[in-house]
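Let's take a friendly walk through a protein structure, one part at a time. Keep the picture open beside you as you read.

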Amino acid sequence: MKRLAPAIAVNGLLVIAAILAIAPLLWMVSVSFMRPGEADSFPPPLLPHAPSLAAYRELFARQGIGRNFANSLILASAATALSLIFNVMAGYAFAKLRFAGRDRIFQILLGALVIPGQVAMIPLFLMLKTIGLVNNFGGVLVPAAAGVFGIFLVRQYALSIPDELLEAARVDGASEWRIFRAIVLPVLGPIMVTLATFTFLATWNDFMWPLIVLSDDRLYTLPIALASLSREHVQDAELMMAGAVVTVAPVLLLFVALQRFYIRGLLAGSVKG
Amino acid sequence: MKGQAASQRAGWLFIAPAATIIGVFFFVPVLAAFGLSLTDFDIYSLADLRNLRFVAFRNYADLLVNPLFWQAVGNTLYFVVLGVPLSIAASLGAALLLDSPLARFKPFFRTALFAPVVTTLVAVAVIWRYLLHARYGLINYALGEVGIGPIDWLGDPHWAMPAIVLFAVWKNFGYNMIIFVAGLQTIPQDLYEAARIDGASAFSRFRHVTLPGLGPVILLVSLLTVAGYLQLFAEPYVMTQGGPGQATVSVLYFMYEQGFKWWNLGIASAVAFLLFVLMLGVTVAQLAIGRRGGPS
């Protein structure tokens with residue numbers, strides 16, 4: 001009985017913290033189903049009087065957010081595929097293949113982690129402008145296609161592959177490419193899910209770089225479209241909340257489905273790094 | 001040996017695509033950024049490169065006497081100084097609750113508390129703009145219920161940055177919370193048992209067992225959080241557009257406006273480099289403080 005009071009305190013505080021964390025998201029969903037102007041009243045309503053899809057209809061039919069959704073989906077999927085191919089190959093090589101300059105190159109790459117990405121943005125913009133990659137998806141994808149964090153993540157995981165396994169395959173005459181495809185890739189499955197989740201969420205949520213590269217509003221990703229919509233439609237709380245739902249719901253669902261993998265990556269990237 | 005040579009070649013081929021991408025699209029631009037910061041690259045140079053002139057360190061000299069640049073630095077440091085301790089305290093508090101043996105439904109609470117981290121920054125910043133609305137916002141309504149008068153969160157220069165800090169704490173505390181939970185699990189249980197047998201109170205166990213045990217994790221988390229918070233950009237872009245009265249212009253917001261609104265790309269590159277120097281300086285200072293207070 002003595003432990004009852006502390007147990008109530010701990011769980012009560014957890015409930016309060018969870019409500020504070022989730023309330024803005026629940027409020028977003030609730031307002032997105034209100035009729036135009038309903039949220040602008042006092043006291044602020046918590047639930048829609050009569051749930052309505054008006055805001056979503058306006059958003060898809062008139063503001064054409066379906067196109068922005070497709071843009072975000074295409075870009076995040078393409079970035080995920082590219083970063084999987086390039087980072088997994090490099091991460092495995094840095095962990096398991098012996099070649100001249102390996103450790104030196106890896107250290108230089110790790111050094112890049114202290115340089116904020118924004119330092120590269122302006123010259124990169126000019127470079128991409130020269131080769132015609134500004135204002136198209138290529139420009140958004142190029143810097144996302146490979147990254148030091150991804151290589152590091154895969155390398156740490158690949159270090160645990162036993163060398164004897166690879167040596168045995170080499171003795172059998174398998175090519176390095178075949179060893180990678182048939183032996184290494186299956187072992188790296190879990191870390192590939194982690195990397196894919198990270199890349200997808202990061203690309204979907206990214207703001208500053210697509211804001212710089214994309215100027216045609218037909219190419220906008222959801223965050224850019226939402227930011228520009230919010231400058232024009234400050235008064236339409238319901239419309240903006242519907243836009244926020246469309247933007248946030250896919251990544252939240254993805255996270256809930258794959259959180260085991262996501263949190264593993266988060267810990268690998270910070271505690272060990 | 002034939003196998004050795006094959007392994008050499010394979011290694012290079014395997015890292016070549018990633019290394020090329022990072023080299024060409026990150027290292028080259030970083031070096032070019034320094035070169036660019038020594039020129040007067042502006043909208044005329046964008047149209048015709050012959051208008052480009054080398055100005056040595058004039059961009060840096062101009063920035064160091066530009067009051068708006070200093071205000072951006074001051075605003076950013078204010079955000080860091082207020083936001084980092086609050087964020088870390090919230091993360092640590094949530095981690096202690098989650099780690100408590102008394103807590104029920106841990107996976108559910110962990111997911112709920114972490115959810116804001118994975119949300120899209122722009123979308124949740126838009127939500128908070130309405131929550132913080134002076135007249136119709138839920139936050140002022142709740143404060144009004146306990147007798148606190150309406151605060152013009154995003155319209156008052158004194159409140160705009162604290163409001164952004166509040167938002168940032170909500171958005172980010174879950175990230176460090178996960179790292180703290182992992183750190184707490186590495187503290188041996190017998191240390192707590194020994195302290196309990198000695199009659200130490202819960203607070204004194206926290207003070208003398210938990211905090212020292214988490215020392216390296218706290219240092220790591222503050223390094224990551226400070227570096228992240230120095231890159232403040234999307235929050236003011238969406239919530240305040242740098243206002244009211246420049247109160248929320250951050251260094252990166254200033255860089256973005258110089259570079260992509262006014263096309264002063266030379267000046268903007270100098271801003272980016274000064275931010276880099278600021279980040280390095282702050283990191284070195286933190287490491288020095290951490291080392292002094294750490295292993296003793």
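## Overall size and shape

The radius of gyration used here is taken over C-alpha atoms, and the rule for a globule is 2.2 Å times the number of residues to the power 0.38. Keep in mind that this is a predicted model. For chain A, a compact globule of 273 residues would have a value near 19 Å, but the chain has 23 Å. Its C-alpha atoms fill a box of roughly 75 × 70 × 35 Å along the principal axes.

Now turn to chain B. Its radius of gyration is 24 Å, while a compact globule of 296 residues would have one near 19 Å. Along the principal axes, the C-alpha trace of chain B spans about 75 × 75 × 35 Å.

## Helices and packing

What secondary structure does chain A contain? Chain A has 13 helices and zero strands. Chain B likewise comes to 13 helices and zero strands, so reading along its sequence gives α-α-α-α-α-α-α-α-α-α-α-α-α.

How much of chain A is buried? Of its 273 residues, 44% count as buried. In chain B, buried residues make up 41% of the 296 residues.

In chain A, taking contacts with a separation of 6 or more, 76% are between residues 24 or more positions apart. In chain B, among contacts between residues at least 6 apart, 67% join residues at least 24 apart.

## Two helices that cross

Look for helix H5 (residues 106-118) and helix H8 (residues 157-184) of chain B: their axes come within 7 Å and cross at roughly 120 degrees. H5(B) and H8(B) are therefore oblique to each other. Their crossing is left-handed.

Which residues meet at this crossing? From H5(B) come B:Leu113, B:Phe114, B:Pro116 and B:Val117, and they meet residues of H8(B) including B:Trp170, B:Lys171 and B:Tyr175. By class, the contact has eight nonpolar, two polar and one charged residues.

## Where the chains meet

How many residues does each chain bring to the contact? Chain A gives 78 residues and chain B gives 71 residues. On the chain B side, the largest share, 21 residues, comes from helix H1 (residues 2-37) of chain B. Sorted by class, the side of chain B that touches chain A has 58 nonpolar, eleven polar and two charged residues.

Definitions and conventions:
Residues numbered from 1 in each chain as written. Chains lettered and ligands numbered in written order. Predicted model: local features only at pLDDT ≥ 70, side-chain atom pairs only at ≥ 80, totals over all residues. Contact = placed C-beta atoms within 7 Å. Helix = DSSP H or I, 4+ residues; strand = E, 2+ residues; numbered from the N terminus. Nonpolar A, V, L, I, M, F, W, Y, C, P; charged D, E, K, R; others polar. Buried ≥ 20, exposed ≤ 12 C-beta atoms within 10 Å, placed from the backbone. Axes fitted to C-alpha atoms, helices over the stretch in contact; angles between N-to-C directions. Parallel < 35°, antiparallel > 145°, perpendicular 65-115°, else oblique. Left-handed = near helix turned anticlockwise from the far one by under 90°.
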